[in-house]
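This note to a colleague concerns charged side-chain pairs. Please read the points below alongside the sequence and the model.

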Amino acid sequence: MHRAERDHHPPGPRSADVADESRAGYSREKFKHWTDADKNGCNARAEVLLAKAVTAPEVGLTCALSGGSWYSPYDDRYLTSASQLDVDHLVPLAEAWDSGASAWTPKEREAYANNLDDPRALIAVSAASNRSKADKDPTD
């Protein structure tokens, strides 16, 4: 094979092309979150807390959670109150925006913010650890 043949690339974008990240226009409010997609009375936050509980909490009216326990992997702690927890987007909303969610429809952003289909998307963690992580990329 000649060098010209070996080095030739077809015209157009290649799968390795990556767009520059941009936070321009980002607002957390552009990602409608904690919706009740299955209309069972529990929003996505409560669904994650129920799914990630080490000890299941009791579910009261309007899906109020009482009792139960959770493990927070960010700071290696066990917590015993849902009010001590945040549900974190493992890939933060701002990072998703930077990486292309700015071009998504509002419905696509809502689906991402409430993704219960991928068990890695949303995680229950202590409020303190989540707030220190903020909008950082998971690789940071």
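Is D98 buried or exposed? In this predicted model, D98 is buried, with a relative accessible area of 10%.

1. The partner of D98 is R23, and the closest N and O atoms of this salt bridge are 2.5 Å apart. R23 lies in the loop between α1 (3–7) and α2 (44–52), whereas D98 belongs to helix α3 (residues 93–98), so the pair ties together parts that are 75 residues apart in sequence.

2. R131 counts as exposed at 59% relative accessibility, while D86 is buried, with a relative accessible area of 13%.

3. K107 and E110 form a salt bridge in which the closest N and O atoms are 3.7 Å apart. Both residues lie in helix α4 (residues 106–113); because they are 3 residues apart there, about one helical turn separates them. K107 is exposed, with a relative accessible area of 62%, but E110 counts as buried at 16% relative accessibility.

4. As a general point, side chains of opposite charge can pair when their charged atoms come close.

Methods
Residues are numbered from 1 along each chain as its sequence is written. This is a predicted model: local features need pLDDT of at least 70, side-chain atom pairs count only at pLDDT 80 or more; totals for chains, interfaces and linings use all residues. Side-chain values use heavy atoms; hydrogens and water are left out. A salt bridge is a side-chain nitrogen of Lys or Arg within 4 Å of a carboxyl oxygen of Asp or Glu. Helices (H or I, at least four residues) and strands (E, at least two) are DSSP runs, numbered from the N terminus. Buried means under 20% relative accessible area, exposed over 50%, partly exposed in between (1.4 Å probe, protein chains only).
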